[in-house]
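Hi everyone, thanks for coming. Let me put today's model up on the screen, and then we can walk through it together.

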Amino acid sequence: MAYIILSITLLVILLVTNIAQGLEPFACDPKYVATSNLPFCKMSMPIHKRARDFVGRLTMEEKVRLLVNNAAAVPRLGIKGYEWWSEALHGVSNVGPGTKFGGAFPGATSFPQVITTAASFNVSLWESIGQAVSDEARAMYNGGTSGLTYWSPNVNIFRDPRWGRGQETPGEDPLLAGTYAANYVKGLQGNNGNRLKVAACCKHFTAYDLDNWHGVDRFHFNAKVSKQDLVDTFDVPFEMCVKEGKVASVMCSYNQVNGIPTCADPNLLKKTVRGQWGLDGYIVSDCDSVGVFYDQQHYTSTPEEAAADAIKAGLDLDCGPFLAVHTQEAVNKKLLSEDDVNNALINTVTVQMRLGMFDGEPSKHPYGQLGPRDVCSPAHQELALEAARQGIVLLKNNGNSLPLSTKRHRTVAVIGPNSNVTDTMIGNYAGVACEYTTPLQGLSQYAKTIHQPGCADVACTDDEKQFGAAINAASQADATVLVMGLDQSIEAEFKDRTDLLLPGRQQELISKVAAASNGPVVFVLMSGGPIDVSFAENDHRISAILWVGYPGQAGGAAIADAVFGTTNPEGKLPMTWYPQSYLKNLAMTTMDMRPNPSTKYPGRTYRFYKGAVIYPFGHGLSYTTFQHTIVAAPRTVSIPLDGHRRGSAANTTTSTTALSGKAIRVNHAKCSKISIKLQVDILNIGSFDGSQTLLVYSTPPQGSSNWAAPEKQLVAFRKVSVPAKGQRRVGISIHVCKYLSVVDKFGIRRIPLGEHSIFLGDLKHSVSIKGETLSLGMIKN
């Protein structure tokens, strides 16, 4: 027996050692004499020179085969084939062909779906998850089962509550989405200067938030978007992802924007993403997007024109075969130059070089020793549990019914189609989880459970027998936990919802169980999108409501911890929960963010919609009570204006008062380092330790209606842990030009001068923003 154990141990050590040594090098193998002295293999040279040298050595035939996701090998230069498409939305996924599970890597840590993690409003958590995911991604690359280019995250705005992919996003607010994007990307890509741990990709650029609604699908949809909405809503997360996150890639979307496919629009790709924002990386199409705008949108007359339009617009890589098939002929027909192709390849090859793929033996470079022990590690699985805990939102808690007590609630009825699920908890774009803790399993750690699903699945159609068993279980228990909601059969890629109601007879089941229950009834909702649960909010028999999103592999443990008070729910809703009536005559295809009273168009998201809601953006209760005090904040902020724009004496101004009521262009102001600093005291007056999310909003000065500015918008947020009866003082910084500015109808960002209102909970602080010229000069409106 000892011999067998020793043999197995040695085998495992040998396996791990071999994996740690990595695959054969992708390129520049020191054993391959033909390339060892070529410039593109010399690590001492600047990467941009190495990339140009490599591309310059390729034939045209070789070049076009490198323009697609399954890039071909170039044997004569010692280059192996490479699959660019891998996914890591909330853990390493096998959705793309670049990643395979099995052998030494049977699974990877599956963190909560993004909409759940966004509800934590915890910047450091987002970066920590990115770091964990990239550890596992690098380890799998070293083991030969994944790539290094991950087409994640999805940072589109969750504009319409019916969108099936809203679950993948950080929610409806541009600042929240952009901050999530930047920090998750930082975690993924690492902090080794210009070198990359993995290469992330912010997608889908831009105004993409419809999959398949009433016969309109994403392949044929033309999103008609105003310049104002594009600049102040849809593009914000992408700009922050590029500028602050330094993302290595941006993906253009299937849809058209104002009649032009995004993957063929030089104004969007070349001018904005690469020019104005300074993308240091590559632009990739959503899969088959180039073929889609030729074959289905009929944007060009020939496939060669489509290939030429895409590359000249700034596309560097095609997910799909289209560019490999048609680019050569586009060059032959002089629709495209070889230099255009070279520039695209330089962008992709540069990223591969920043990843170390042209640096020879991978095990000798950073991250080369990561292996199977770094995937599904105890630390990563604990982080997945903590992320799920932080994302749970307490929507209702009548009479402090929660948390339940292990002494008073010894028997718990666990009911609902999502009460014992596994895959449902990880949402879409997921991989193979390390392991699962279902809600039933989690609750069973705290109490004796009586389990009845009540419905066969979330469709909950004809389940009379199961209804009876569920009602009977509730009548016998000290408390009842209903785990209901949605799954990927209701909301998903290719599938937008048709309403905001619970499917089938779920509402009926909940109400009947609540009526029969002898103890508190806890309603737990799994979903990506919001649901009209007004019936439950208004039903006194339903004691508490928790929204858990899709909470990842450890979701059941996190739910149980919250229900029994081991943890204190601390999430806040990252999207508005609307009543079903909101959808009346509201087409998903109408992209306008702002309301239109003349047509009774209600507007979108909390920034513009002012009607009735079930729960507002930012809503989330706690088991404790916090009090806030603003102890220090400026009353006036002066912004230096660019005074070199001289005009006639009649058009000049030398005083701040003369600028009152104006909104000055941001690019005419010198305010890159000007922020409003707040000092806030947070007092926890309750008996539970807790984390408070400070959400800071602003409203512009009166008279700003000329700019159709949001009535309020998020300008800062911060998560703060405060022990019971404890107090903490924290600083909050609000960048004036970025977050107190508005966007006019021409897409120009401006700073309204005058009195801005800052809101923190019930507190209001007014600050006057004044402009002052540095020298005599004309201020242009």
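Predicted model: local features only at pLDDT ≥ 70, side-chain atom pairs only at ≥ 80, totals over all residues.

Residues are numbered from 1 along each chain as its sequence is written, and side-chain values use heavy atoms, with hydrogens and water left out.

Let's start with the open sheet of six strands, ordered S11-S16-S15-S14-S12-S13, with mixed pairing. Strands here are DSSP runs of E with at least two residues, helices are runs of H or I with at least four, and both are numbered from the N terminus. Two strands pair if DSSP finds at least two bridges between them. Strand S11 (393–397) and strand S13 (448–452) are at the edges with a single partner strand each, so one side of each has no neighbour in the sheet. On average, neighbouring strands of this sheet are turned by 20° against each other, direction ignored. Axes are lines fitted to C-alpha atoms, for helices over the stretch in contact, and angles run from 0 to 180 degrees between N-to-C directions.

Inside that sheet, S14 (residues 479–485) and S15 (residues 521–526) run parallel, joined by six bridges. Gly485, for example, has Met526 in S15 as its bridge partner. Helix H18 (residues 506–516) packs on the sheet and touches S12 (411–415), S14 and S15, with its direction at about 175° to that of S14. Contact, by the way, means heavy atoms within 4.5 Å.

S21 (residues 675–684) pairs with S24 over nine bridges, and Leu678 has Ile732 as its partner in S24.

On to the residues. Is Leu586 buried or exposed? Leu586 is buried, at a relative accessible area of 3%; the cut-offs are under 20% for buried, over 50% for exposed and partly exposed in between, with a 1.4 Å probe and protein chains only. Leu586 lies in the loop between helix H20 (555–563) and helix H21 (605–608). Beyond its neighbours within four places in sequence, its contacts include Arg162 and Trp213.

Finally, Gln692 sits in strand S22 (residues 690–699) and is buried too, at 10% relative accessibility.
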